Amino acid sequence: MAGSDVPSYVYRLTKYDPADRDEYGNYIGAAEATSDHGPIEEAYLQAVAAFTEDAGIDQLAIREPQITGFTRFGLEPAVPGHGLTGIFPSDLTGYHDGAKVPVATGLELVRAMLRDNGAWCRLEVEDAFAVHVGWDQYVYVGTSTPSDRALARTRTLGLFPERLDVSPYDAAFDEQDGEQRPADAAFWARLQWSVAAGRAAILEECFVGNASRWHRLTNDTVDAVRARLAPRAQLTVWPDLSTDIDTVLAVLPDEGSVELVWENANGQISSAVADETQFAELAEQVNCSRAATVLSLSVDQRHPLFTAVLPDNDGVLRARWRTESTPSDRRWAILKTLRRGQVCTGTVTEIATFGVTFVDIGGFTAMINIPELSWRPISHPSDVVAVGQEITAEILDVDMARERVPLSLKALQEDPMEELVQQVGQIVSGPVTKLVPFGAFVRIEDREDGFEGLVHITELAESHVERPEDVVQVGDTLTVKIVDVDPTRRRITLSHGQALRSTPVSHGRVPACFLAR
């Protein structure tokens, strides 16, 4: 079942006689809640088989497979191999989300769940059929068509079918708020960059619920690790383990459970969930390791770098796993809504000492470099923006790997230098703002942030000069001719010599009102 697209006919199959229930619907009869490993268990399997036959089902898909510990919901102890020995290999190859199995294998999985042997999964055919095994041997079967023969067969087997609206184990009941992050090209680019930058070193592959494999990542191994991952696995990226083993063991709590992760001398990474009664035994293994860490079992106190779920080979994300949401995942959710050239609004949150302006654009911090603040020359971002100011800017790029979004204020403004092109050939006057060995800079607009042009030393006088200061000083007013304006290269070429030789058409600096729009 997927979300609301569930089979229309849902039945709860039980060995409990409805007559043996109190006024609240609770069973008060004498039947045991555990499996008899005999005729009643076989009756359940035959009833499920009857429903698959009625529905014309010959294969079932394994959904959200789980093993051990937290998956147990009955009274029987787990058995070695999670009850899957003889059904799947010891490494559980073939037991993954989306794996298709014949009905016979599906029935053996139902048997393992009825015995509460430490394994659980949903068995489904999308939008058409489902089998869920619940607490105290309640079995829920959903079909898209009526199953009169299967219902009659179920009653003949001594079981009691009851029509329900939905199965309490429908996947929609397990979905959490938030958006899944697919392990797509953007994810792998982010991972590769994080490894290269030394931020990420460990990949946790949760191939079934409550079971993980750990992989060390280097620039050379990311692709090889990726090729070995189980289909639809949940992926969690972590920073490197600590080589300070004594400090790692020192943070173990006095009581309560944590997850210990360690890497042995051969580079194999293992993990175990343990409490204070098991710490001493685990410490012996960890003491001999090359690196380790302690992870809290509380989602709020675990701090992975980012997470994802593997899509299918066609790129579609069909797994329903929900991963721990990290700040990076939340940034990703925003990033994927942005595009180059998009106009956005935001609030200036910081002007860094190195000159970058940071802007909150709806939960993501974007940045504006000084050259993108204004077409005009500025000495500091505070000449244009202030913390707390709301601005409108254009997105220059969306870098999913580095999680960077550069913005531009000036991209939404007309370049005033384009208008200055129209003044080429005119003679104007302006103050000398700076002297350099090869000439002098003159501001040719009547405003403090006006454009400046270069008068090359060969154009400072009609005769040869050795140094610019032999002719002018900073602050002097100089009459110049505008020889060239190049908006692309942000260059203005001026000549004092040509101004002296020309008959001026107009004198004075270019007025700001002419340039402004």
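In what order do the strands of the open sheet stand? The legends below take this up.

**Figure 1. The open sheet of the predicted model.** From one strand to the next, the twist averages 30°.

**Figure 2. Strands β2 and β4.** Five bridges join β2 (residues 59–67) to β4 (residues 119–125) in the antiparallel sense. Trp 120 in β4 is the bridge partner of Gln 66. Helix α2 (residues 103–114; helices are DSSP runs of H or I, at least four residues) packs on the sheet and touches β2, β3, β4, β5 and β6. Its direction makes about 145° with that of β4 (angles run from 0 to 180 degrees between N-to-C directions of axes fitted to C-alpha atoms, for helices over the stretch in contact).

**Figure 3. Helix α1 on the sheet.** Helix α1 (residues 39–55) lies across β1 (9–14), β5 (129–133) and β6 (139–143). It runs at about 160° to β1.

**Figure 4. The surroundings of Ser 147.** Ser 147 sits in the loop between β6 and α3 (148–156). Its relative accessible area is 1%, so Ser 147 is buried (under 20%; exposed is over 50%, partly exposed in between; 1.4 Å probe, protein chains only). Leaving aside residues up to four places away in sequence, Ser 147 touches Tyr 11, Phe 51 and Asp 54 (contact means heavy atoms within 4.5 Å).

**Notes.** Residues are numbered from 1 along each chain as its sequence is written, and side-chain values use heavy atoms, without hydrogens and water. In this predicted model, local features need pLDDT of at least 70 and side-chain atom pairs count only at pLDDT 80 or more, while totals for chains, interfaces and linings use all residues.

Definitions and conventions: Two strands pair if DSSP finds at least two bridges between them. Helices (H or I, at least four residues) and strands (E, at least two) are DSSP runs, numbered from the N terminus.
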